[in-house]
Amino acid sequence: MNKDFIKSKVIEILLDKYITVDEESNSLHTAILPGNMKKNKIYVGDNVIIKKSYDTYLITEIIKRKNFVMRPPVSNISQMILLISIDNPKPDYILLDKQIVLCKVKNIIPIICINKIDLLNDKLDLELEYIKKIYSNLNIELLQISSKNEIGLDNLKDKLKNNTSAFSGNSGVGKSSVIIKLLNNSSLKIEIGEIGSKTNKGKHTTKYVKLYNIDKNSFILDTPGFSSYELYDIESEDLKKYYDEFSKYECNYLDCNHINEGIAECKIKQAVNNNEIDIQRYERYKYIYASLKTKEDVKYK
Ligand SMILES: Nc1nc2c(ncn2[C@@H]2O[C@H](COP(=O)(O)OP(=O)(O)OP(=O)(O)O)[C@@H](O)[C@H]2O)c(=O)[nH]1
Ligand SMILES: [Mg+2]
Ligand SMILES: [Zn+2]
């Protein structure tokens, strides 16, 4: 490519200014959209071509997006670190299952990262075994870390190399704490929340959409948006397609949703009965299906 044109990634948007990081040199630029490009919407995560013009940079092209998620608005996420904490707060499996579905819909690689393993004890070991059993079976990679005791962080860092990674997880699991450790830069203003001792729920401290450049071509995103309970861009009828453990069974009805159909016809229900499919995952599937259905009923009424 002509060296006047630089391939760059948008990491932050400040009104009409786009902060970008160059793919080759890793340097930061502030770019603007010239008049003839104004009809285009640019998102954090977009790969763009910029060109120097006097004392500023102009965005001349937006490279085709690999994917785009609406909430939070961000493009080209390659993997999602599904952060849960082994305790305080307890893993939120419904949220986890929803996030796995979202990853599959958007073609994002999910990695489950279990934080706060410094809290492990005999009882929590059983919880850990459950997570391993269910999710390793789905070919999802599992990491165990403690941001507090700095365990497993190098492993996590390796996974982030040459990726644009989003962190998701309910409030209080330690997203900001982990990211601060990864950035290794205490001057960055990421706020860490206190966990309310009564609810153990934490509060949503992080509010902005920004990519952090942690290494050449490695970016991370810290937003609370991915922690949302709402699943979108998916119909209830399609939910089953995103459950890998369902895929090897063929029910007697082609469009079986594995819920209201009779057990004689439904191979999934049989597999749940025979303990081939985890009953809790299946119960959560029914719950998520019902919540999608309720949303559709409201929308199409
Ligand atoms: N024991 C233990 N506590 C941790 C660990 N990591 C984070 N915490 C604590 O968990 C609490 C919540 O951490 P945050 O990093 O604010 O959590 P968050 O996921 O960013 O929360 P939101 O921004 O509200 O979504 C803080 O009190 C942290 O000190 C860990 O590895 N072990
Ligand atoms: Mg946070
Ligand atoms: Zn079925």
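**Close-up views of cavities, a pocket and a crossover**

**View 1.** The residues lining the second largest cavity of this predicted model divide into 5 nonpolar, 4 polar and 1 charged. (Ala, Val, Leu, Ile, Met, Phe, Trp, Tyr, Cys and Pro count as nonpolar, Asp, Glu, Lys and Arg as charged, and the others, including Gly, as polar.) The model is a prediction, in which local features need pLDDT of at least 70 and side-chain atom pairs count only at pLDDT 80 or more, while totals for chains, interfaces and linings use all residues. Residues are numbered from 1 along each chain as its sequence is written, chains are lettered from A and ligands numbered from 1 in the order in which they are written, and side-chain values use heavy atoms, with hydrogens and water left out. The volume of the second largest cavity is about 40 Å³. Its lining consists of Leu82, Leu83, Ile84, Asp92, Leu95, Leu96, Gln99, Ser168, Gly169 and Asn170. Strand S8 (79-85) and helix H1 (93-106) are the elements that give two or more residues to this lining. (Helices, H or I of at least four residues, and strands, E of at least two, are DSSP runs numbered from the N terminus.)

**View 2.** The largest cavity has a volume of about 70 Å³. Of the 11 residues in its lining, Gln99, Leu102, Phe226, Ser228 and Glu230 lie nearest its centre. By class, 5 of the lining residues are nonpolar, 3 polar and 3 charged. The model holds 2 cavities of 30 Å³ or more. (On a 1 Å grid over the protein atoms alone, a cavity is a set of points where a 1.4 Å probe fits but cannot get out, and a pocket is an open set with protein on both sides within 12 Å along at least five of seven lines; lining residues have an atom within 4 Å of a point. Points are joined across faces, edges and corners, and a volume is the space filled by probe spheres set on them.)

**View 3.** The second largest pocket lies between domain 1 (5-62) and domain 2 (68-227), because both give residues to its lining. (Domain bounds come from an automatic or database domain assignment.) This pocket holds about 390 Å³ of space. Its lining has 20 residues, with Lys9, Asn47, Lys66, Asn76 and Thr164 nearest the centre. Strand S1 gives the most, with 3 residues. The lining comprises 4 nonpolar, 10 polar and 6 charged residues.

**View 4.** Strands S9 (residues 109-115) and S10 (residues 141-144) pair in the parallel sense over 4 bridges. (Pairing requires at least two DSSP bridges.) From S9 the chain passes through helix H2 (residues 122-136) to S10 in a right-handed β-α-β crossover. (Right-handed: with the strands pointing away from the viewer, the path from the first strand over the helix to the second runs clockwise.)
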